[in-house]
Amino acid sequence: MPKIAVTRWIPDEAVKVLAEAGDVAVSPADRPLTTAELHEFAAGASAVVGMLHDRLDGALADAAGPGLKVVANVAVGYDNVDVPALAERGVVVTNTPGVLTDATADLAFGLLLAITRRLGEGERLLRSRTPWSFHLGFLLGSGLQGKTLGIVGLGEIGRAVAKRAEAFGMSIIHSGRSGRGSVSFQELLERSDVVSLHCPLTPETRHLIDAAALRAMKPGAYLVNTTRGPVVDEAALADALEAGEIAGAALDVFEHEPDVEPRLLGRDDVVLSPHLGSATVETRTAMAVLAARNVAAVLAGRPPLTEVKP
Ligand code: GLV
Ligand code: GLV
(Lines give C-alpha, C1' and ligand atoms only; values in the text may rest on other atoms or scores of the structure.)
(Ligands and ions follow the chains in the order given, each with its own letter.)
Protein backbone atom coordinates (compact mmCIF):
# COMPACT_ATOMS: atom_id res chain seq x y z
CA MET A 1 0.00 0.00 0.00
CA PRO A 2 1.33 3.48 -0.78
CA LYS A 3 2.24 5.66 2.22
CA ILE A 4 0.08 8.73 2.78
CA ALA A 5 1.71 11.25 5.13
CA VAL A 6 -0.72 13.65 6.85
CA THR A 7 1.18 16.48 8.53
CA ARG A 8 -1.40 17.19 11.24
CA TRP A 9 -4.72 15.98 12.67
CA ILE A 10 -7.58 15.68 10.18
CA PRO A 11 -11.21 14.63 10.79
CA ASP A 12 -11.96 10.88 10.86
CA GLU A 13 -14.18 11.10 7.78
CA ALA A 14 -11.12 12.12 5.76
CA VAL A 15 -8.88 9.47 7.36
CA LYS A 16 -11.44 6.86 6.26
CA VAL A 17 -11.26 8.03 2.65
CA LEU A 18 -7.45 7.93 2.76
CA ALA A 19 -7.33 4.53 4.44
CA GLU A 20 -8.92 2.98 1.36
CA ALA A 21 -6.15 4.43 -0.79
CA GLY A 22 -3.05 3.66 1.27
CA ASP A 23 -1.33 3.38 4.63
CA VAL A 24 -2.14 6.58 6.49
CA ALA A 25 0.41 8.12 8.84
CA VAL A 26 -0.86 11.17 10.72
CA SER A 27 1.73 13.29 12.53
CA PRO A 28 1.13 12.86 16.25
CA ALA A 29 2.65 16.27 17.06
CA ASP A 30 0.11 18.85 18.21
CA ARG A 31 2.00 21.60 16.41
CA PRO A 32 3.39 22.38 12.97
CA LEU A 33 6.34 20.12 12.11
CA THR A 34 9.70 21.81 11.64
CA THR A 35 11.08 21.61 8.11
CA ALA A 36 13.47 18.82 9.13
CA GLU A 37 10.64 16.89 10.83
CA LEU A 38 8.36 17.41 7.85
CA HIS A 39 10.98 16.08 5.45
CA GLU A 40 11.70 13.08 7.65
CA PHE A 41 7.97 12.40 8.06
CA ALA A 42 7.36 12.53 4.30
CA ALA A 43 10.19 10.15 3.41
CA GLY A 44 8.89 7.35 1.20
CA ALA A 45 5.40 8.86 0.91
CA SER A 46 3.33 8.62 -2.28
CA ALA A 47 1.05 11.39 -1.04
CA VAL A 48 1.42 14.27 1.40
CA VAL A 49 -1.64 15.90 2.93
CA GLY A 50 -0.35 19.25 4.17
CA MET A 51 -1.56 22.28 6.07
CA LEU A 52 -1.13 25.97 5.31
CA HIS A 53 1.69 26.23 7.85
CA ASP A 54 3.75 23.61 6.01
CA ARG A 55 6.25 24.58 3.33
CA LEU A 56 5.36 22.15 0.52
CA ASP A 57 8.14 22.59 -2.03
CA GLY A 58 10.80 20.89 -4.11
CA ALA A 59 12.89 20.06 -1.03
CA LEU A 60 9.90 18.26 0.48
CA ALA A 61 9.40 16.32 -2.76
CA ASP A 62 13.08 15.38 -2.80
CA ALA A 63 12.84 14.25 0.83
CA ALA A 64 9.74 12.19 0.05
CA GLY A 65 11.50 10.54 -2.86
CA PRO A 66 10.58 9.60 -6.43
CA GLY A 67 7.38 7.80 -5.40
CA LEU A 68 5.66 11.07 -4.46
CA LYS A 69 2.64 11.58 -6.72
CA VAL A 70 0.43 14.14 -5.03
CA VAL A 71 0.55 16.96 -2.51
CA ALA A 72 -2.90 17.90 -1.21
CA ASN A 73 -3.04 21.24 0.59
CA VAL A 74 -5.97 21.38 3.02
CA ALA A 75 -6.70 25.03 2.22
CA VAL A 76 -7.89 27.05 -0.73
CA GLY A 77 -4.83 29.35 -0.52
CA TYR A 78 -1.61 27.73 -1.72
CA ASP A 79 1.02 30.39 -1.14
CA ASN A 80 2.76 27.76 1.04
CA VAL A 81 3.13 25.46 -1.96
CA ASP A 82 5.80 25.77 -4.64
CA VAL A 83 3.57 24.54 -7.45
CA PRO A 84 6.12 24.88 -10.30
CA ALA A 85 8.82 22.99 -8.32
CA LEU A 86 6.40 20.15 -7.60
CA ALA A 87 5.12 20.07 -11.18
CA GLU A 88 8.72 19.83 -12.40
CA ARG A 89 9.03 16.67 -10.31
CA GLY A 90 5.82 15.25 -11.71
CA VAL A 91 3.86 15.84 -8.49
CA VAL A 92 0.19 16.84 -8.74
CA VAL A 93 -0.91 19.66 -6.39
CA THR A 94 -4.48 20.08 -5.16
CA ASN A 95 -6.27 22.60 -2.91
CA THR A 96 -9.79 22.89 -1.45
CA PRO A 97 -11.76 25.61 -3.26
CA GLY A 98 -15.51 26.06 -2.95
CA VAL A 99 -16.17 24.18 0.26
CA LEU A 100 -14.97 27.02 2.53
CA THR A 101 -16.46 29.97 0.66
CA ASP A 102 -19.49 30.57 2.88
CA ALA A 103 -17.71 29.91 6.18
CA THR A 104 -14.96 32.38 5.30
CA ALA A 105 -17.43 35.00 4.06
CA ASP A 106 -19.44 34.57 7.27
CA LEU A 107 -16.34 35.17 9.37
CA ALA A 108 -15.32 38.20 7.30
CA PHE A 109 -18.76 39.65 7.87
CA GLY A 110 -18.66 38.77 11.55
CA LEU A 111 -15.37 40.63 11.89
CA LEU A 112 -16.83 43.55 9.95
CA LEU A 113 -19.72 43.71 12.43
CA ALA A 114 -17.41 43.22 15.41
CA ILE A 115 -15.10 46.08 14.48
CA THR A 116 -17.79 48.54 13.35
CA ARG A 117 -19.97 47.84 16.43
CA ARG A 118 -17.07 47.67 18.90
CA LEU A 119 -17.97 44.20 20.16
CA GLY A 120 -14.46 43.31 21.33
CA GLU A 121 -14.24 46.52 23.31
CA GLY A 122 -17.65 45.95 24.87
CA GLU A 123 -16.80 42.40 25.81
CA ARG A 124 -13.50 43.42 27.37
CA LEU A 125 -15.30 46.12 29.36
CA LEU A 126 -17.76 43.64 30.84
CA ARG A 127 -15.14 41.00 31.55
CA SER A 128 -13.01 43.56 33.36
CA ARG A 129 -16.06 44.25 35.59
CA THR A 130 -15.90 47.96 34.74
CA PRO A 131 -19.08 49.71 35.94
CA TRP A 132 -21.28 50.85 33.06
CA SER A 133 -24.84 51.90 32.29
CA PHE A 134 -26.81 52.33 29.08
CA HIS A 135 -26.52 55.85 27.76
CA LEU A 136 -27.02 57.40 24.37
CA GLY A 137 -23.39 58.14 23.80
CA PHE A 138 -21.97 54.82 25.06
CA LEU A 139 -19.62 52.78 22.80
CA LEU A 140 -21.10 54.14 19.61
CA GLY A 141 -20.03 52.37 16.47
CA SER A 142 -20.59 53.00 12.83
CA GLY A 143 -23.72 51.89 10.94
CA LEU A 144 -23.47 49.92 7.71
CA GLN A 145 -26.58 50.98 5.80
CA GLY A 146 -25.69 53.19 2.86
CA LYS A 147 -21.96 52.73 3.48
CA THR A 148 -19.55 51.45 0.86
CA LEU A 149 -17.77 48.12 1.11
CA GLY A 150 -14.63 47.81 -1.00
CA ILE A 151 -13.79 44.23 -1.92
CA VAL A 152 -10.21 43.59 -2.96
CA GLY A 153 -10.29 40.37 -4.96
CA LEU A 154 -13.74 39.49 -6.28
CA GLY A 155 -13.33 35.73 -6.39
CA GLU A 156 -15.74 33.23 -4.86
CA ILE A 157 -15.22 34.45 -1.30
CA GLY A 158 -15.30 38.13 -2.29
CA ARG A 159 -18.61 37.58 -4.06
CA ALA A 160 -20.04 35.74 -1.05
CA VAL A 161 -19.07 38.69 1.17
CA ALA A 162 -20.69 41.09 -1.33
CA LYS A 163 -23.94 39.12 -1.08
CA ARG A 164 -23.95 39.47 2.71
CA ALA A 165 -23.10 43.18 2.50
CA GLU A 166 -25.98 43.79 0.07
CA ALA A 167 -28.36 42.26 2.59
CA PHE A 168 -27.08 44.79 5.14
CA GLY A 169 -27.79 47.70 2.78
CA MET A 170 -24.20 48.44 1.82
CA SER A 171 -23.03 49.56 -1.63
CA ILE A 172 -20.29 47.41 -3.07
CA ILE A 173 -17.28 48.31 -5.15
CA HIS A 174 -14.38 46.07 -6.04
CA SER A 175 -10.99 46.23 -7.66
CA GLY A 176 -9.09 43.77 -9.75
CA ARG A 177 -11.61 42.61 -12.34
CA SER A 178 -13.78 44.46 -14.78
CA GLY A 179 -17.56 44.40 -14.43
CA ARG A 180 -20.23 46.15 -12.41
CA GLY A 181 -18.78 48.03 -9.44
CA SER A 182 -15.21 47.67 -10.67
CA VAL A 183 -12.90 50.57 -9.78
CA SER A 184 -9.15 51.07 -9.57
CA PHE A 185 -7.44 49.98 -6.35
CA GLN A 186 -6.70 53.63 -5.52
CA GLU A 187 -10.36 54.64 -5.99
CA LEU A 188 -11.47 51.69 -3.87
CA LEU A 189 -9.22 52.85 -1.03
CA GLU A 190 -10.46 56.42 -1.28
CA ARG A 191 -14.19 55.58 -1.42
CA SER A 192 -14.65 52.60 0.89
CA ASP A 193 -15.99 52.78 4.44
CA VAL A 194 -14.83 49.20 4.90
CA VAL A 195 -12.07 47.55 2.86
CA SER A 196 -12.22 43.73 2.92
CA LEU A 197 -9.35 41.69 1.49
CA HIS A 198 -10.07 38.54 -0.53
CA CYS A 199 -7.14 38.34 -2.96
CA PRO A 200 -4.70 35.42 -2.71
CA LEU A 201 -1.19 36.06 -1.37
CA THR A 202 1.19 36.34 -4.34
CA PRO A 203 4.38 38.35 -4.92
CA GLU A 204 2.08 41.09 -6.33
CA THR A 205 -0.24 41.24 -3.31
CA ARG A 206 2.41 41.02 -0.56
CA HIS A 207 2.09 44.31 1.39
CA LEU A 208 -0.65 45.48 -0.98
CA ILE A 209 -1.96 47.31 2.10
CA ASP A 210 1.12 49.37 2.95
CA ALA A 211 1.60 52.84 4.46
CA ALA A 212 0.53 54.59 1.25
CA ALA A 213 -2.62 52.47 0.87
CA LEU A 214 -3.58 53.08 4.49
CA ARG A 215 -3.06 56.82 4.04
CA ALA A 216 -5.36 56.73 0.99
CA MET A 217 -8.21 55.24 3.06
CA LYS A 218 -10.79 57.49 4.73
CA PRO A 219 -10.00 58.38 8.36
CA GLY A 220 -13.30 56.73 9.38
CA ALA A 221 -12.69 53.54 7.39
CA TYR A 222 -12.09 50.00 8.61
CA LEU A 223 -9.87 47.24 7.25
CA VAL A 224 -10.90 43.56 7.37
CA ASN A 225 -8.40 40.82 6.50
CA THR A 226 -9.44 37.17 6.21
CA THR A 227 -7.08 36.13 3.39
CA ARG A 228 -3.37 35.94 4.26
CA GLY A 229 -1.46 38.08 6.76
CA PRO A 230 1.37 39.29 4.50
CA VAL A 231 -1.13 41.09 2.23
CA VAL A 232 -1.03 43.73 5.00
CA ASP A 233 2.14 45.44 6.23
CA GLU A 234 1.29 44.96 9.91
CA ALA A 235 3.80 47.52 11.20
CA ALA A 236 2.39 50.10 8.77
CA LEU A 237 -1.11 49.22 9.99
CA ALA A 238 -0.09 49.83 13.61
CA ASP A 239 1.43 53.18 12.54
CA ALA A 240 -1.75 54.14 10.68
CA LEU A 241 -3.96 53.30 13.65
CA GLU A 242 -1.68 55.21 16.00
CA ALA A 243 -1.82 58.22 13.66
CA GLY A 244 -5.64 57.98 13.33
CA GLU A 245 -5.42 57.45 9.57
CA ILE A 246 -8.12 54.76 9.71
CA ALA A 247 -10.78 53.93 12.32
CA GLY A 248 -9.97 50.28 12.96
CA ALA A 249 -8.95 46.88 11.69
CA ALA A 250 -10.27 43.35 12.09
CA LEU A 251 -7.75 40.63 11.36
CA ASP A 252 -8.09 36.86 11.14
CA VAL A 253 -4.63 36.34 9.65
CA PHE A 254 -1.21 37.75 10.48
CA GLU A 255 1.95 38.68 8.69
CA HIS A 256 4.13 36.53 10.95
CA GLU A 257 1.48 34.01 11.95
CA PRO A 258 0.99 32.88 14.67
CA ASP A 259 2.64 36.03 16.06
CA VAL A 260 0.75 39.33 16.08
CA GLU A 261 2.39 42.74 15.84
CA PRO A 262 2.63 43.63 19.57
CA ARG A 263 1.39 47.19 19.02
CA LEU A 264 -1.93 45.83 17.72
CA LEU A 265 -2.55 43.67 20.77
CA GLY A 266 -3.16 46.57 23.12
CA ARG A 267 -5.43 48.56 20.84
CA ASP A 268 -9.19 48.81 21.27
CA ASP A 269 -9.69 49.70 17.59
CA VAL A 270 -8.49 46.25 16.54
CA VAL A 271 -10.45 42.97 16.53
CA LEU A 272 -8.36 39.81 16.32
CA SER A 273 -9.22 36.18 15.62
CA PRO A 274 -6.78 33.27 15.22
CA HIS A 275 -7.22 32.23 11.55
CA LEU A 276 -10.78 30.95 11.96
CA GLY A 277 -12.10 31.75 8.47
CA SER A 278 -12.95 28.15 7.58
CA ALA A 279 -13.25 26.92 11.17
CA THR A 280 -16.65 25.25 11.30
CA VAL A 281 -17.13 21.53 11.87
CA GLU A 282 -18.91 21.22 8.53
CA THR A 283 -16.36 23.17 6.51
CA ARG A 284 -13.21 21.68 8.01
CA THR A 285 -14.64 18.21 7.44
CA ALA A 286 -15.51 19.07 3.84
CA MET A 287 -12.02 20.50 3.24
CA ALA A 288 -10.24 17.43 4.62
CA VAL A 289 -12.53 15.02 2.75
CA LEU A 290 -11.95 16.91 -0.50
CA ALA A 291 -8.18 16.74 0.07
CA ALA A 292 -8.49 13.01 0.78
CA ARG A 293 -10.54 12.41 -2.37
CA ASN A 294 -7.92 14.24 -4.39
CA VAL A 295 -5.25 11.95 -2.98
CA ALA A 296 -7.34 8.83 -3.58
CA ALA A 297 -8.02 9.89 -7.18
CA VAL A 298 -4.38 10.52 -8.05
CA LEU A 299 -3.16 7.31 -6.36
CA ALA A 300 -5.78 5.38 -8.36
CA GLY A 301 -4.56 6.99 -11.58
CA ARG A 302 -7.64 9.18 -11.98
CA PRO A 303 -7.63 12.96 -12.46
CA PRO A 304 -7.83 14.96 -9.20
CA LEU A 305 -11.03 16.86 -8.39
CA THR A 306 -9.47 20.24 -7.64
CA GLU A 307 -6.00 20.52 -9.08
CA VAL A 308 -3.79 23.58 -8.81
CA LYS A 309 -2.26 23.90 -12.26
CA PRO A 310 1.26 25.32 -12.47
C1 GLV B 1 -7.44 28.99 4.79
O2 GLV B 1 -6.88 29.98 5.16
C3 GLV B 1 -7.44 28.51 3.45
O4 GLV B 1 -6.74 29.04 2.57
O5 GLV B 1 -8.16 27.53 3.22
C1 GLV C 1 -32.30 49.86 22.88
O2 GLV C 1 -32.00 48.89 23.58
C3 GLV C 1 -33.62 50.34 22.69
O4 GLV C 1 -34.58 49.77 23.27
O5 GLV C 1 -33.77 51.31 21.96
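Here are a few notes on the structure above, point by point.

1. First, the ground rules. This is a predicted model, where local features need pLDDT of at least 70, side-chain atom pairs count only at pLDDT 80 or more, and totals for chains, interfaces and linings use all residues. Residues are numbered from 1 along each chain as its sequence is written, while chains are lettered from A and ligands numbered from 1 in the order in which they are written.

2. The largest nonpolar core holds 97 residues. Such a core is a set of buried Ala, Val, Leu, Ile, Met, Phe, Trp, Tyr and Cys residues joined through C-beta atoms within 7 Å. Helix α12 (residues 281-299) gives the largest share of this core, eleven residues; helices here are DSSP runs of H or I, at least four residues.

3. Tyr222 is among the residues with the most contacts inside that core, as are Ile4 and Val295. Tyrosine 222 touches residues including Ile115, Val194 and Ala250, leaving out those up to four places away in sequence (contact means C-beta atoms, placed from the backbone, within 7 Å).

4. Have a look at alanine 61 in helix α3 (residues 58-64). Alanine 61 counts as buried because it has 23 C-beta neighbours inside 10 Å (the cut-off is 20 or more other C-beta atoms within 10 Å of its own). Beyond four places in sequence, alanine 61 touches Leu68, Leu86, Arg89 and Val91.

5. Around ligand 1 you'll find Leu52, Ala75, Val76, Gly77, Leu100, Gly277 and Ser278, each with its C-beta atom, placed from the backbone, within 6 Å of the ligand.

Key:
A residue is buried if 20 or more other C-beta atoms lie within 10 Å of its own, exposed if 12 or fewer, and partly exposed in between; C-beta atoms are placed from the backbone. Helices (H or I, at least four residues) and strands (E, at least two) are DSSP runs, numbered from the N terminus. Two residues are in contact if their C-beta atoms, placed from the backbone, lie within 7 Å.
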